[in-house]
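Me: Hi! I have a structure open and would like to talk through some of its contacts. Can you help me read it?

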Amino acid sequence: MVFSSNPLSLSVPDPTFDTWLRDSGYLEILDQHTSSAAAAPSTTTTTTATGLFISFFSHALTLLSLFTLNPFSKLTTDDFSGPTLYWTRSFFADHGSYSFPSGFGQARLRVNENVKRYARNYASLFILFFVCTLYQMPLALIGMISSLVLWDIFKFCSDRWGWDRYPVIRQVMVRAAQCVTAVILICLNVQMALFCALGVSYTVMIMHAAFRKLTPAKQPSRSR
């Protein structure tokens, strides 16, 4: 016997059922339910060309709408305190763990949940992209190292001559070090390396979060 996507459809309407799934934390079931509802055959008869055009236009709008989302709206500092999930088993997984979002609602659900779940993985990817960008831009790498050396020298001088006892002098030296750091970063194009890394990592994060299917937060352990 084959059940419909909503087994309580005789007594509970789909919007109420979806709300219950969301409030109960069964987001992976809600994701599957949304995909099943979108994949249900339509009774409207259309030509092949019209159907392909509508499908292409719908997919294009969904892709464009991804960049209107705010993936950090539900992100908290606690999301970075947990352990980093496994890259091969959880983050990348297999090809069956990905599907095109059926619409803007499902894309937003996936992005909000996956960004929270894989926050540490996305942060690691940003660091990796930033390091690779610095490797491709030697001047930016020199500027980054010079800035770190400058502040290390500042800390050494502060400890050596006790600038903490002279708040005014310390404040003046901090402002001077900040101005020198800004000049170094701007002249050696460190900001360009940062913007490139941010752009690439943000695009990868949005695309992965939108196409990655939702899975239970805790995978059930296999019985021996």
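Me: How many salt bridges does the count come to?

Reply: The count comes to four salt bridges in this predicted model. One of them joins D79 and K116, with the closest N and O atoms 3.1 Å apart. That pair links distant parts of the chain, 37 residues apart: D79 is in the loop between α3 and α4, and K116 is in helix α5.

Me: Is D79 buried or exposed?

Reply: D79 counts as buried, because its relative accessibility is 18% and the cut-off for buried is under 20%.

Me: OK, and which residue does K155 pair with?

Reply: K155 forms a salt bridge with D159, and their closest N and O atoms are 3.2 Å apart. Both lie in helix α7, four residues apart, which is about one turn of the helix. K155 and D159 are both exposed.

Me: Why does a spacing of four work in a helix?

Reply: An α-helix has 3.6 residues a turn, so residues three or four places apart point the same way.

Me: What about R170?

Reply: The side chain of R170 meets that of D164 in a salt bridge, at 3.3 Å from N to O. R170 is partly exposed at 30% relative accessibility, while D164 is exposed at 54%.

How values were computed: Residues are numbered from 1 along each chain as its sequence is written. This is a predicted model: local features need pLDDT of at least 70, side-chain atom pairs count only at pLDDT 80 or more; totals for chains, interfaces and linings use all residues. Side-chain values use heavy atoms; hydrogens and water are left out. Helices (H or I, at least four residues) and strands (E, at least two) are DSSP runs, numbered from the N terminus. Buried means under 20% relative accessible area, exposed over 50%, partly exposed in between (1.4 Å probe, protein chains only).
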